[in-house]
Amino acid sequence: MALVIFSSELQKFTGEERVEVSASTYRQLVDGILKRYPDMPPEEITEKAVSIDGMIIQDPLLDPVDENSEVHFLDRISGG
Amino acid sequence: MSEAKDYKYVGTRRVRPDGYDKVTGRANYGADLTLPGMIWGRILRSPHAHAKIKGINTSKAEAHPGVSAVVTFQDFPEKSQGSPLAQNILANEKALYHGHAIAAVAAKTVQIAEEALGLIEVDYEVLTPVMDLDTAMADGATLINENLKTVGLPEPATEASNIAARQELKIGDIDAGFAEADVILEREYSTPTVHQGYIEPHACTVRYDENGQSMVWCCTQGHFDVRASTANLLGMELGKLKVVASEIGGGFGGKTTIYLEPVALMLSKKSGNPVKIVMDRDEVFKASGPGAATKSWIKIGAKKDGTFTAMQAKMAFEAGAFPGSPVGPGTMTVFAPYDVANAKVEGFDVLVNKPKVAAYRAPGAPQAEFASEMLINELAEKLGMDMIDIRLKNAAREGTQALYGPKFREIGFIECLEQCKASEHYQNAVAEGNGRGVGAGFWFNIGGVSSAVIHMNPDGTATLLEGSPDIGGSRASMQSMAAEELGIAPERIKPIVADTEMVAHNDTTGGSRTTFATGMAVIEAAQDVVRQFKERAASTWNVTPEQVEWADGVARNTAGDGEMTCQEICASAGRTGGQITGRGNINARGAGPSFSVHIADVAVDKDTGKVDVVRYTASQDAGRAIHPSYVEGQIQGGSVQGIGWALNEEYIYSDDGLLENPGFLDYRIPLASDLPMIDPIVVEVPNPFHPYGVRGVGEANIIPPLATVATAVGNAIGRPMPDLPCSPPRVLKAIQEG
């Protein structure tokens with residue numbers, strides 16, 4: 001089970017800091033999270049970048065998630 | 001992926017492929033294209049900082065001899081008129097800052113166009129301008145956008161406000177962290193509105209073609225995004241708009257958005273002629289996107305040994321006239337270099353009557369980390385600690401959880417600190433009467449979408465097409481990485497920044513992404529070529545591709561005798577299956593963050609307040625320096641821009657909200673003659689997610705100078721300098737008050 005750690009902003013919707021989700025891809029992970037927290041607007045996570053085991057992906061979809069992965073959602077960064 | 005090893009071409013200092021054209025004046029920039037039948041566009045700009053537009057009468061301008069077209073906001077397609085981008089490009093119901101575009105004219109000559117601008121009648125109702133954060137955030141403030149409500153509050157906002165958004169990050173228990181502290185310091189800081197100071201003004205030449213392919217030639221950091229934004233505003237299909245990126249005379253984030261291109265296309269559509277628009281310097285300052293002004297409150301608690309127990313910040317960023325300051329990355333970076341268990345950051349995105357801010361190198365981070373780094377230096381002094389030692393005591397390292405979420409992988413912050421500490425500069429005491437400062441900076445760096453194509457020519461040379469505008473020598477890096485993979489000399493590879501028809505989409509050059517992400521696309525394209533080389537050689541020798549080894553530009557048959565050079569394979573390619581092209585289309589993942597640590601010594605003229613930087617050392621973790629000279633150049637360039645931010649640069653507005661210093665005589669950027677040699681230290685802790693370990697080096701270097709220089713000035717005069725810039729009047733005032 002991948003460990004998802006929510007930011008203080010996302011905890012407004014989840015009510016908890018961390019949760020374990022069974023998923024082998026980012027898409028499955030998001031589906032699992034949205035099913036668990038049906039009141040959370042999907043864009044709160046789907047329009048964010050994701051860190052999977054420290055690898056930051058700006059625009060994820062099919063990226064693999066391992067059984068022991070640690071996942072964080074964060075704002076997308078643009079830069080100058 | 002990455003491992004420490006020596007390469008043949010990566011890491012060498014070769015002559016840049018675009019250098020000759022640039023030093024001989026042959027390179028073509030944004031204003032350099034002329035088309036048959038071309039006419040000139042000019043833009044009418046608001047003389048007021050805040051005004052209702054009650055009416056615009058363009059009839060006299062339209063009738064003026066030599067005028068071919070006039071456009072206003074109403075010429076945007078109706079479905080685009082709700083877009084803040086459209087409303088920034090041409091004002092709708094209100095002029096929101098001094099210089100806001102109101103209308104545009106295209107005419108036979110620039111002079112006729114300017115005459116016609118004078119014939120456009122605009123009926124303004126002048127409103128009170130809102131020019132700073134305190135005024136904008138005050139109860140009962142004049143509203144810039146009467147429909148704007150703050151998002152991100154604990155409860156939904158019910159009333160309009162100039163505060164567009166609030167956001168918060170926290171980790172641990174901030175109250176418990178401060179309760180553990182032996183020492184607590186807090187202070188307020190401010191930074192002014194600044195400009196990126198690129199030398200080349202915004203410019204474009206366009207040709208609208210109703211039945212075929214329209215074309216935009218412009219200086220930009222991202223021509224694919226120019227195409228997307230322009231096509232979206234004008235209701236065009238992407239495939240019917242070709243955008244060509246010219247050479248670029250500086251961008252630093254300021255050329256990641258659009259101002260002129262849709263206007264020029266609308267003028268071209270109306271007139272039937274190609275149209276060129278070139279901003280003058282006055283327009284660049286007034287109406288392009290500057291870096292955000294900020295106010296920050298920082299509080300840090302620490303043990304007597306220097307261990308941070310809690311860090312807290314509240315920061316407000318000016319967005320300009322439309323929402324969207326870089327307060328987000330500001331909140332994420334403010335304490336990112338440090339391992340602290342308890343932290344809380346609150347950020348506000350605030351409207352003022354200034355131009356909509358744009359990105360500026362590590363957007364948001366210099367302002368945020370200026371504040372935190374200043375207080376860390378003050379804390380070091382309070383605790384009697386060395387400025388580098390207190391940072392080493394608390395430095396983030398592999399496994400540290402950043403306030404913004406993830407745990408860091410391999411990073412080089414400690415190495416940057418240690419190499420600065422060991423430097424000859426730091427080992428020597430600061431001269432009597434002078435001041436020394438230290439500062440650190442963190443920036444994420446990003447990946448994203450990149451595409452590259454390599455065409456092998458029949459003589460074994462290669463044409464490398466990439467879609468990332470080269471704003472810092474990236475063509476040289478692409479050439480080196482392609483050469484390393486192909487095993488042929490870099491000089492046999494011609495890197496070209498291709499237009500939007502020649503390669504697939506590339507994200508904008510920004511976020512220090514190009515050498516990392518586009519570099520990975522180039523590597524993938526080169527590996528695709530090598531795969532085909534092996535297949536062609538294998539088919540010639542009647543063996544399998546797995547039995548062919550590729551090294552140093554030569555295929556070798558491991559199942560028997562035989563060698564084929566790159567030239568031989570390319571020369572016979574037509575007969576072995578056709579010409580060889582390699583492709584790399586990726587969404588690059590795993591950008592590696594970069595840290596930077598600087599040391600400055602300054603001398604202050606106590607009679608005038610003038611500051612001279614007398615010595616400057618700057619370290620940065622590059623991951624792997626593909627071209628060390630250009631990595632050093634990035635470190636030096638970022639340092640110089642940060643020094644300018646610290647010492648002199650600021651937008652100066654009148655009480656009426658009019659910009660009073662829109663030119664380089666009055667907006668003082670550092671000159672080479674103002675500065676000592678910036679001594680770069682390139683630290684190389686490879687990014688594990690890049691084949692050569694690249695991180696990206698364009699941004700982290702601009703963050704430390706603000707606190708480094710301001711601390712040095714403060715130490716020289718014996719008074720803290722919490723408000724930038726440390727310009728002569730402000731320094732003199734501090735001395736006199738001391």
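Reply: Just after helix α7(B), G235(B) takes a positive phi of about 70°. The model is a predicted one, in which local features need pLDDT of at least 70, side-chain atom pairs count only at pLDDT 80 or more, and totals for chains, interfaces and linings use all residues. Residues are numbered from 1 along each chain as its sequence is written, while chains are lettered from A and ligands numbered from 1 in the order in which they are written.

Helices (H or I, at least four residues) and strands (E, at least two) are DSSP runs, numbered from the N terminus.

α7(B) is mostly covered, since nine of its 12 residues are buried. A residue is buried if 20 or more other C-beta atoms lie within 10 Å of its own, exposed if 12 or fewer, and partly exposed in between, with C-beta atoms placed from the backbone. Among the buried residues of α7(B) are H223(B), F224(B), R227(B) and L234(B). The buried residues of α7(B) pack against α3 (84-89), β10 (214-218), β11 (241-245) and α8 (261-271) of chain B. Contact here requires that the C-beta atoms of two residues, placed from the backbone, lie within 7 Å.

Phi of F252(B) is near 55°, a positive value in a residue other than glycine. F252(B) counts as buried because it has 27 C-beta neighbours inside 10 Å.

A362(B) also has phi near 55°, again a positive value in a residue other than glycine. A362(B) lies in the loop between β15 (343-351) and α11 of chain B, and it is buried, with 36 other C-beta atoms within 10 Å.

Two packed helices are described by the angle between their axes and the distance between the axes. Helix α11 (residues 365-383) of chain B packs with α19(B) at an angle of about 40°, and their axes are 7 Å apart. Axes are lines fitted to C-alpha atoms, for helices over the stretch in contact, and angles run from 0 to 180 degrees between N-to-C directions. The residues of this contact divide into seven nonpolar, two polar and one charged. Ala, Val, Leu, Ile, Met, Phe, Trp, Tyr, Cys and Pro count as nonpolar, Asp, Glu, Lys and Arg as charged, and the others, Gly among them, as polar. On the α11(B) side the contact includes F370(B) and M374(B), and on the α19(B) side it includes L706(B) and A710(B).

α19(B) has 14 residues (704-717) that should span 20 Å at 1.5 Å a residue, and its end C-alpha atoms are 20 Å apart, which agrees. Of those 14 residues, 14 are buried, so α19(B) is largely enclosed by the rest of the structure. Just after α19(B), G718(B) takes a positive phi of about 75°. The loop between α19 and α20 (728-737) of chain B holds P725(B), and the peptide bond from L724(B) to P725(B) is cis, with omega near 0°.

Technical notes. The expected span of a helix is 1.5 Å times one less than its number of residues.
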